[in-house]
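Please walk me through this structure in plain terms, beginning with the sheet and ending with the ligand.

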Amino acid sequence: NTQLLTLNNGHKMPMIGIGTWQASDAEIEVAIEAALEAGYRHIDTASRYGNEKAIGQVLKRWLDSGKVKREELFIVTKLPLNANAPSDVEPIIRKSLADLQLDYVDMFLIHTPFTLMASEDGGVKRDEQGLAIPDLRTNHAATWIEMEKLVANGLAKSIGVSNFDQEQVARLLKTAKIRPATNQIEHHVYLQQKELVDFCKAEGIAITAYAPLGSKGLAKFNAGFGIVRELPDLMDVPEIKEIAAAYGKTPAQVLLRWIVDTGVIAIPKSTNPERLKQNLDIFDFKLTDEEVAKLVKLDQNFRIFNFASHHGAERHPEFRFKNEFTN
Ligand code: A2P
């Protein structure tokens with residue numbers, strides 16, 4: 001019930017996965033249970049999301065009962081932005097594996113290309129103004145060597161990056177012995193990043209789209225930073241609604257089908273069992289070339305995830321996170 005994409009190392013990755021950001025332990029337990037029941041096998045999480053233990057408990061139940069086999073699952077987690085020095089890599093993945101109650105993950109990603117100083121309590125260190133303090137010692141090439149060791153020692157089947165721009169990917173490719181299997185980026189009809197997507201595909205790097213539905217949940221996160229920012233409602237775009245009506249599908253299903261039709265993996269987040277089911281039920285229709293072209297035209301280069309201003313990285317142009325969004 002889900003298409004698989006063959007990665008550059010031969011491993012196969014389900015093209016729809018469940019996103020788990022901003023879900024409490026109680027919510028995520030219900031969601032993972034419902035997702036597995038609905039047929040999801042790809043789960044995208046991160047130690048920064050703080051819910052790996054809760055996810056691990058559900059996985060253990062399913063694996064112990066034999067309802068699912070480990071090799072059927074595709075579990076993705078990430079090296080957090082406040083601990084991505086070379087010496088962090090192995091301890092961090094071992095902690096995630098312990099929490100997830102797994103021996104290996106299917107994919108381990110460098111969560112962001114930039115680093116923020118860690119606070120004593122394991123969070124992010126902030127200055128007097130509440131801005132996160134960047135750590136300028138980031139060296140992707142050095143961290144990548146440790147990432148590659150995870151494949152050698154079996155802790156991760158595949159390794160990749162997230163939020164990397166073209167220059168950062170290109171630079172990593174110069175020294176990488178194992179090419180990243182994926183670059184997980186914000187990708188939806190309003191932010192198509194064609195150049196980056198085409199570049200990665202040409203280099204054999206699969207694209208995983210986060211916020212494929214426009215991540216309405218970001219408003220909640222923004223509010224925590226005192227940021228009020230109008231976000232578009234992708235499910236309310238007339239062109240999307242029109243196509244959805246023609247197929248008897250929902251706008252969310254059209255948004256996801258478009259992503260999958262362009263050879264990109266999508267990880268819509270939902271904690272609602274009905275919507276989870278809906279987001280996986282996209283393989284019984286296909287968009288025409290004209291419809292795809294119509295959706296391509298919707299691109300507005302609108303970035304929902306405003307990394308630069310959240311993280312104060314604009315003060316450090318070497319992070320290569322351009323503060324090109326309004327706030
Ligand atoms: P909920 O968890 O209540 O379903 P994204 O994956 O782009 O970050 O978007 C996730 C947001 O979209 C969440 O707020 C989620 O809410 C909502 N959502 C997920 N699936 C659907 C759907 N099929 N229809 C409407 N909203 C959805």
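**The sheet and its surroundings**

His42 stands opposite Phe74 in strand 5. This is a predicted model, in which local features need pLDDT of at least 70, side-chain atom pairs count only at pLDDT 80 or more, and totals for chains, interfaces and linings use all residues. Residues are numbered from 1 along each chain as its sequence is written.

Strand 4 (residues 42–44) and strand 5 (residues 74–79) run parallel and are joined by three bridges. Strands (E, at least two residues) and helices (H or I, at least four) are DSSP runs, numbered from the N terminus. Two strands pair if DSSP finds at least two bridges between them. The open sheet has eight strands in the order 3-4-5-6-7-8-9-10, with parallel pairing. Its edge strands, strand 3 (18–19) and strand 10 (265–266), each pair on one side only.

Helix 3 (residues 89–100) packs with helix 4 (residues 140–152) at an angle of about 45 degrees, and their axes are 9 Å apart. Axes are lines fitted to C-alpha atoms, for helices over the stretch in contact, and angles run from 0 to 180 degrees between N-to-C directions. Helix 3 is therefore oblique to helix 4; angles under 35 degrees count as roughly parallel, over 145 as roughly antiparallel, 65 to 115 as roughly perpendicular and the rest as oblique. Val89, Glu90 and Ile93 of helix 3 meet Thr143, Glu146, Met147 and Leu150 of helix 4 in this contact (C-beta atoms, placed from the backbone, within 7 Å).

Around the ligand are 19 residues, the closest being Leu213, Ser215, Ala252, Lys269 and Ser270 (C-beta atom, placed from the backbone, within 6 Å of the molecule). Helix 10 (residues 273–280) gives the largest share of this shell, three residues.

Note on methods
Contact = placed C-beta atoms within 7 Å.
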